[in-house]
Structure formats: C-alpha cells, structure tokens
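Colleague: I'm new to this one. Can you walk me through it?

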Amino acid sequence: MAKTNIVVVGAGYAGVAATKFMAKKFKKDSDVAITLIDRHSYHTMMTELHEVAGGRVEPTAIQYDLQRLFARQKNVTLITDTVTGIDKDQKSVKTVRGNYPFDHLILGMGGEPNDFGTPGVKENGFTLWSFEDAVRIREHIEKTVAKAAIEPDAAVRRAMLTFVVCGSGFTGIEMVGELIDWKDRLATDYKLDPSEFTLKVVEAMPTILNMLDRNDAAKAERYLHKKNVELVLNAPIVAVEADHIKLKDGSTIPTHTLIWTAGVKATSDAADFGLEKARGNRLVANEYMQAKGYETQNIYVIGDLVYYEETANKPTPQIVQAAEQTGHTAAANIVSAVKGGEKHTFKGNYQGFMVSVGAKWGVANLFDKIHLSGFLAIIMKHIVNLKYFFDIRSGYYMFQYLMHELFHIKDNRTVTYGHSSRYGNVLWSVPLRIFYGLVWFIEAFKKIVGDGNWLQPHTWFGEGSWFTGSSVFPWTWDYQQAADVASGASQAAETTTAETATQAAHFGLSYAYGEQPMAVIEKSPDWFTSIMKMMMPNMEVAMFFQKMMVFVEIGIALAIMAGLFTWLFSASTIVLVLTFCMSGMFYWVNIWFIPVAFALMNGSGRAVGLDRWVIPWLQRTLGKWWYGTPKSIYGQK
C-alpha cells in the first residue's frame, strides 16, 4: 500500500497543534508519514517575546526544541529548511535543500509585522514578531542605556532614555509593561536615576487595548498612568528617524528606540505561492480550512496565514486560540480524508483575552463574563500557558516554564514578587541539611540498637511496641502505653531524675521544662486505620514493614546528609511525618520536621552535596535517552 505523505509547513502554534493532533490519530498507521518543515529547529512561544525583549527571561526560555516536542511521535519527521514554493500540480513542496511530495499539505507559516509602508520603520525601528526581533531589542536597549550613561549632552541623553512603543494592542502594552519592570535594573546597572527614563505608547486610535472590554482597558490605562507611562493617542506615526519620530500632527518625539507593534500581516514567504489572497496578504480558505480554489489538491491554510470570515468582513483573529483551532480543524479534516468520516467545519471558540503589564499586574476577560485585574489576571495567564503545554503533551517544557517564570528569575519580576526565586545562597542551608539527616539517622538507629536486641519492635521515634496489646488486629495502637511514656517524659521535666530524663530522650521528645508533650492527633482516624489494616493484615507483615522502614529511614538520612536527591528525600520525610501523625504517635514538639524538609527542598543538595554533580548528569543522560540530542538543523542529509 502506498504511503500517505502529509506535509506541514511552519512550526508555530498552528503547525505544532495540527502536527500533534495528526501524530496521535495516525499513531498506529505505519502507512502515514508526517513531515514538519520550519526554518528553525525550535518552536517560539510568541506570546512571551516581550519577556525576552524586556530583559525578564533569558532568550532560550521561549525556545522549545522541536525534537523535544515530538520525541515520542515516531511518525513525525522534522526538517529544518526554508520553503521557496509549491508545485500544486505535481503536489510537491520546494525548499532550499530539496523537494517534499505531499498528498495533503498544511500551510501554517504565520505572520510578520505590518508597517503599513511607514517610512523609516525598517531602517530605524524595531519590530517584535520573532525570536530574533526580541533579542535585537534587548541588546539595543542595553547598549543604548550604556551609551546614555556617559552622554554629556542633556537633550541627547534624554532622547536616548526615551523608549517609545507604537501600538497599544496586546503586544505593545505587554512590551511597555516589561520596560516598566526593567527600568530600575537598568538604572542601577548603569548608575542612572530611574526618573531619567521616559516610557511612551503612541497609538493612532483614541483608545488602547481595543480587543478588551472598555472597563478592563480603562483599568490598564489607569495602571499605566500610575507607572508614569505617557499615552499619546490619536497620533499616527508618519516617519521614523534614527533619533526621533514624526507624528501626523507635525510634532516630533525625540527617541533612539521605537518598537513597532502596530500591525501584522501574513508572511511574505507565502506571497508567491499562487494562492488567492485577501487583505494583509492572508490566504483565503473555506470553512474546512482548505485553500480556496485548491480543495482537490488537499491544500490547507491555518494560523495567522489564513483568511476565513467567521462572520461578514470579520476574519479569524490572529491570536493563539484561533491558530490552534484552525490547526485542529485542518488536521481533523485530513484524518477524515485518510480514514474516512465527515468533514469538520471551523467554529471559533475564543474563551477570553489576557494582557500582562509587567510580571505582577494584568487584566483578563474570560468567557465575556469574568473580569480579572492585577495579581489574579497574571495567575490566570500562567494557568493558560501551562494548559498549552498540557495540550501539546510537553511535561518537559511545562516544568521549564515554571522554572523560568517563578524560580530562575531576578529583581522580583515574578507574580510572587520574587518570593519564589531560587537566586539565593543555599550554602547556608548545608548545616541544617546535615543536622536534619543526622536526626533521622539517630532515630532510625535507635530502633536497631534499642536495649541490645536486634530490630526489636519500637515505636517510631520512641520506645515501646508499635503493635502491642491483645487485639486481634495488630494495627490498633496501644495508646495507654504511649500515654505512659509521655507521662514519664513529664515526670522527667518535674523531677529531673536521670532515669526519666533518659526515657524521655529515648522517646525522641523535645519539650520545655514542666510541659508534657502533646500528640498531633490523639486517635488515629478510621480511614487511616482501614488503610493500615489492608496493608498489614497480620503481625508478620506488620513486623516486616516495621523492620523495612528502619532501613528506609537510614537510607533517607544518609542521602540527605550527602546531599543526594535532596528534594525527593526531603519530600519523602514530609510524607513519613504526616503518616506518623495519622498514627497518633507523633508529637507537636517535633513538628519542625515538616518546615525544615520544605526548606531543604530549595536545591540545598547542590551546595557541598552530591546533587551538584548527580542531578546535571541525570538530566543530560535521561534527556538524551528520552529526547535525543538537540540539533540546530534537523533532516540534514
């Protein structure tokens, strides 16, 4: 049977969504081959470009290697190449390095900035629509501020420290939001006063954020005013020079940095494909996302590239939600064509809009009903981004996203106001880590040594049989015995006799003078007792568990002291302590075990510990085994 070749051009949101969908549906079809072609070996998270441009995260934080995204989809072949044309009659995609025949073709090459022919934008301005754009803006801003710091002319210096964003859509407002947060760091690094910086948003329309509800947009406007951002409205830019911009009313704004976010159009790469175009060079498609006039050739158009009017004169918006949904529609129709089934028509389902203004504040409109602002809006944006990684089945990049958004970040530029940042010195937690591991080791070792008998049945952190009494079921705790020991501890505090003090110390209790230790839970809950009954149905099993746990505790203790898998073993001690609490045999005076374990989970094993070498080695080894070795070019012969 002849192999069915499906080619997807473009690894943006739409292309990745379509490829993931088809890879899953054709997982067991060895006669179907999917080829994904993109000029880069990575997928760029376009919605986070402003974070790179504004110096919040490192550039690699928004690059998602395609091999890592499709490591488990064996029916997907990755090609790093530039598409130069389509032979619609021979059904072949032409690239710089070769030709790729197709039975079904999806074009998802995305968009590019639209400067509307404004003079000087290309020569003197900066666009924000690609990874390269973001890095270019970041580097330019740092260099410009460095030059301004040593510029003696006050007027030139002021122009160099004036940063203008053209366009008040989501991209523009998010970009100026990053500049708000970055300004203080730049001022500190280059010995400037933050008040010397001027931030402006220039908008041709009389209002900002026109895709949002007016009340939400008004909140954002008030926040920008609060942060000393000047909004220049009803002011189309007619020219961009190297050191100033000209407005339609004849006025000028001195600046060395103009970031253009005013419009988007379909990529010019697709302009010569010979397909019908609409405004903004977008390619016209029908309700099945098939290119108009080429339905029989099985050519589909998705993402920012497609022009499909959901209602009269209202095409699909060039946003992530629409990109993914058009991708799913085209992919579903290809699956139906190959496997049989009805065609799927596109139905846009836009669940809301969100815009961040820096790392800590934003506005959101969800389902046209829920309106959020500030901290909650940013939390919602993070949730939406995490859902995206869930949708494309990438746990690796979900984890990486959390790392660079919450933990690996500086200057308090997180939704947690920096409280979650890992940029602290974990060296000072080493004594605590060793002490904590030593406590676990001593308590476990006491269960072995006891009064000289090997592995006698002791209680956790104490003396006395865990499974005692004449009950038929050995999981019933002997609370009277526990009370007797606790009473002995109290007596030690009162009489300070060596005998009772030794008894209390062996029980593992720390208590203030004259106080009697109190159990966290006096009586084991019924549900916990039921679980114990199921796990340990008789005395033999119970004794096995008790002896085994002694060695488990010793292993945990040694690992923590050595700084090996510290996060994992610290977390396991929390679970053990909670279990001891449920048993009714753990006391409030030792509850400090839990917060200490949480404290040690903050990378403490990477200072004077084995985690410094073991964890990176595991990451490299397991990453290579699971994902392979990332490459700058895929599919090179």
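Colleague: What separates K387 and D391 in helix α10?

Modeller: About one helical turn, because they are four residues apart in helix α10 (residues 375-391). Keep in mind that this is a predicted model.

Colleague: And what do the side chains of K387 and D391 form?

Modeller: They meet in a salt bridge, at 2.9 Å from N to O. K387 is partly exposed, with a relative accessible area of 47%. D391 is partly exposed too, at 35%.

Colleague: Which residues do salt bridges with shared partners join into one network?

Modeller: E51, R56, E178, E405 and R413.

Colleague: How many salt bridges does the structure hold?

Modeller: It holds 18. One of them pairs R39 with D269.

Colleague: How far apart are the closest N and O atoms of R39 and D269?

Modeller: They are 2.0 Å apart.

Colleague: Where do R39 and D269 lie?

Modeller: Both lie in loops. R39 is between β2 (32-38) and β3 (42-44). D269 is between β19 (264-266) and β20 (283-284).

Colleague: What about D411 and R185?

Modeller: Their side chains meet in a salt bridge, 2.7 Å from N to O. This pair links distant parts of the chain, 226 residues apart. D411 sits in the loop between α11 (395-407) and α12 (430-449). R185 sits in helix α7 (residues 170-189). D411 is partly exposed at 36% relative accessible area, and R185 is partly exposed at 30%.

Colleague: Let's step back. How many helices and strands are in the chain?

Modeller: There are 19 helices and 27 strands.

Colleague: What share of the residues count as buried?

Modeller: Of the 637 residues, 51%. The accessible surface of the chain comes to about 30,200 Å². Carbon and sulfur atoms account for 57% of that surface.

Colleague: What share of contacts join residues at least 24 apart?

Modeller: It is 67%, counting contacts between residues at least 6 apart in sequence.

Colleague: Sheets next. What is the strand order in the open sheet of five strands?

Modeller: The order is β11-β18-β12-β13-β14, and the pairing is parallel.

Colleague: Which strands stand at the edges?

Modeller: β11 (126-127) and β14 (229-232). Each has a single partner strand, so one side of each has no neighbour in the sheet.

Colleague: How many bridges pair β13 with β14?

Modeller: Four, in the parallel sense, with β13 covering residues 198-202. V201 has L231 in β14 as its bridge partner.

Colleague: And the sheet with β25, β26 and β27, is it parallel or antiparallel?

Modeller: Antiparallel. It is an open sheet of three strands, in the order β25-β26-β27. β25 (352-356) and β27 (370-373) are the edge strands. Each has a single partner, so one side of each is left without a neighbour in the sheet. The twist averages 5° from one strand to the next.

Colleague: How many bridges do β25 and β26 pair over?

Modeller: Five, with strand β26 made of residues 362-366. V355 stands opposite V363 in β26.

Colleague: Which helix lies across β26 and β27?

Modeller: Helix α8 (residues 214-226). It runs at about 175° to β26.

Colleague: Now the core. Which residues of the largest nonpolar core touch the most other members?

Modeller: M22, V93, L105, I106, L107, L209 and L224. This core has 111 residues. Its largest share, nine residues, comes from α7.

Colleague: What does L209 touch?

Modeller: Leaving out residues up to four places away in sequence, L209 touches S168, G169, F170, I173, R214, A217, A220 and V355.

Colleague: Which residues does the second core include?

Modeller: A571, L576, I594 and L600 are among them. This core is separate and has 21 residues.

Definitions and conventions:
Residues are numbered from 1 along each chain as its sequence is written. This is a predicted model: local features need pLDDT of at least 70, side-chain atom pairs count only at pLDDT 80 or more; totals for chains, interfaces and linings use all residues. Side-chain values use heavy atoms; hydrogens and water are left out. Helices (H or I, at least four residues) and strands (E, at least two) are DSSP runs, numbered from the N terminus. Buried means under 20% relative accessible area, exposed over 50%, partly exposed in between (1.4 Å probe, protein chains only). Contact means heavy atoms within 4.5 Å. Accessible areas come from the Shrake-Rupley method with a 1.4 Å probe; for residues, only the protein chains shown count as cover. Two strands pair if DSSP finds at least two bridges between them. Axes are lines fitted to C-alpha atoms, for helices over the stretch in contact, and angles run from 0 to 180 degrees between N-to-C directions. A salt bridge is a side-chain nitrogen of Lys or Arg within 4 Å of a carboxyl oxygen of Asp or Glu. A nonpolar core is a set of buried Ala, Val, Leu, Ile, Met, Phe, Trp, Tyr and Cys residues joined through side-chain atoms within 4.5 Å.
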